[in-house]
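The sequence and structure come first.

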Amino acid sequence: MNKKLVLLITLVGIAFSCTSQSKKITDSKVTQKPNVIIVITDDQGYGDIGAHGNTLVKTPALNKFHDESVRLTDFHVGPTCAPSRSGLMTGRYADRVGVWHTIGGVSILRKDEVTMADVFNENGYETAMFGKWHLGDTYPSRPQDKGFKYTISHGGGGVGQTPDYWDNDYFDDTYFKNGVPTKYEGYCTDVWFDEAIKYIEEKKDQPFFAYISTNAPHLPYNVPEEYYNKYKDLDIPEFQKVFYGMITNVDDNFAKLQKKLEDLNIADNTIVIFMTDNGTASGYKTVGGKLYGFNGGMKGTKNSEYEGGHRVPFFISYPGKNINGGKDVTDLTAHLDILPTLATLCDLDFPERQKKIDGSDISSLLLGTEKTIGREYLITDSQRVQSPIKWRKSAVMSDKMRLVNGTELYDIAKDPGQENDIAKLFPEKVEKMRGFYNEWWSSVSTEFNQFPEIILGSDNQNPIELTCHDTHIHESHLPWNQNYIRDGKKNPKGGFFTVNFEHSGSYKIEISRWPFEAGLAINDAVAGREGTLSTEAINEGNAMTFKSGVVKIGAWEQKSPIAKGAKSLAFTGNFTKGKTDMSAWFVTDKNVDWGAYYIKVTRISKKFTLLE
């Protein structure tokens, strides 16, 4: 860790024990602190920007921002969505904070993790997020539980995923405004930016932190037709035309945001960051034996341990401190560095409960006062399993060397495409990098057996709705998308939720095949929708033949028949405060167990009651 950051965290206690007079002095300066806006897109890789050499994608606003900003040219994240976001928000490795997958109950940020929004919030900033959170849809891990005062977000890891509001499809959707389902008009990316701009207009006279996290260009590949038409005549696959169209729509919105900052006369005192969350998902693909797209000469795409899976764009501008001018920083950097760096640039104190930060303060690189921070190694990996596996899809990174999966060594200065494994030529280097990984693994693995908890019965979310997206089970059985709920082919039976009853008392548990807002009977079928050139189809919902349902919480288990036309099945029970496992399933007319997709838990009383 950077020595300055260590000193800062060590002195937090002193800062928090200051007199009330000192507190007033700090508050008097708060209006001089810079605003911060982070724009992070989803599944847009290093090569999916014109400024990086892609001759097909149209990104004039991002190209201009690239030319005016400071660029981190060797910047790394996690190879997938939620792990990247957990590292950005906490400055800590994803494997350390419980977020090593995108589904399956391990894309949930632990309760005791301090986020970037917490830090800004507790230093007098207004805080807001717009779009994709993907670090938990239930208390205590929602964005509003993690430092954001104002939130507009979709559920799960993307619009249309299982925790999202039913039937969202990117257009005129219902999103969660401070946790309350609220209908919005327009295309999703437009909504995120429009609402962020409204927020910025309202908060322009006080320091704010705005986190704009688009779900685009993540699948499903849906975009207004006018953006598809910008690419319709190109010799590329149809999905890539939509993918590029989604990126161009982001670009237009980014231009609108930049103009608003200028119009409000706050651009000089606003730190603006553009970055992405992992390598490209569809900007570099082989279809029918032909390779389409551009990947900056790197090997690997989203979910890969190779460079193309985790090296992404990072542009930052802060004109008031001369962080601009089209300069490159070539030092090895990562998403873990952003929180400690912003803490320095914005003069923020860390709270006393702050845990060890894995990132480094790189403000000196951005300000040009140092050429290097002397970092030795960084690590990234892609686990995507219930329990992390040592060396799985991992990369140990030094300045120009990459140890991949513990056995392959590449010199990316000479071999950026990672084609020539030189591990046998440099066995001492391999052993040194393996040694660093071993120490790192020992450090991050201490809580691998402690899944993040969903808290039941809290006043902060009662009732609380759970979805099978967070069921602990192998992903091949997990219906993480609403299309899987519709067709009923994936079955999470055998999976469980890690829950913690905040209060002892009486509870009602309701289970359903459909989300509760859908208003559908458990065994109902539902119509699908045909796709268009610029939107994907939505599956039909098949009828089911469930005859009964079961809920199991710890040693307690109840079974009940399903009445004809019932929309859900309800159970009541008395439960003791504390941690346990919960599972729920249906039984078909052929006595086949089938996992319940949606569960609602309501605390009825903080006292045990006599139940029928």
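Ile 338, Leu 339, Pro 340, Thr 341, Leu 342, Ala 343 and Leu 345 are the buried residues of helix H12 (buried: under 20% relative accessible area, exposed: over 50%, partly exposed: in between; 1.4 Å probe, protein chains only). The model is predicted: local features need pLDDT of at least 70 and side-chain atom pairs pLDDT 80 or more, while totals for chains, interfaces and linings use all residues. Residues are numbered from 1 along each chain as its sequence is written, and side-chain values use heavy atoms, with hydrogens and water left out.

**Helix H12**
- H12 spans residues 338-345, and seven of its eight residues are buried (helices are DSSP runs of H or I, at least four residues, and strands runs of E, at least two, numbered from the N terminus).

**Nonpolar cores**
- The largest nonpolar core holds 49 residues, and Ile 37 and Ile 212 have the most contacts inside it (a core is a set of buried Ala, Val, Leu, Ile, Met, Phe, Trp, Tyr and Cys residues joined through side-chain atoms within 4.5 Å).
- Elements that each supply at least two residues of this core include strand S1 (35-41), strand S8 (208-213) and helix H10 (238-263).
- H10 gives the most to this core, nine residues.
- Another core, of 46 residues, lies apart from it and includes Leu 88, Tyr 125, Ile 316 and Leu 342.

**Glu 428**
- Glu 428 sits in helix H14 (residues 427-444).
- Glu 428 counts as exposed because its relative accessibility is 69%.
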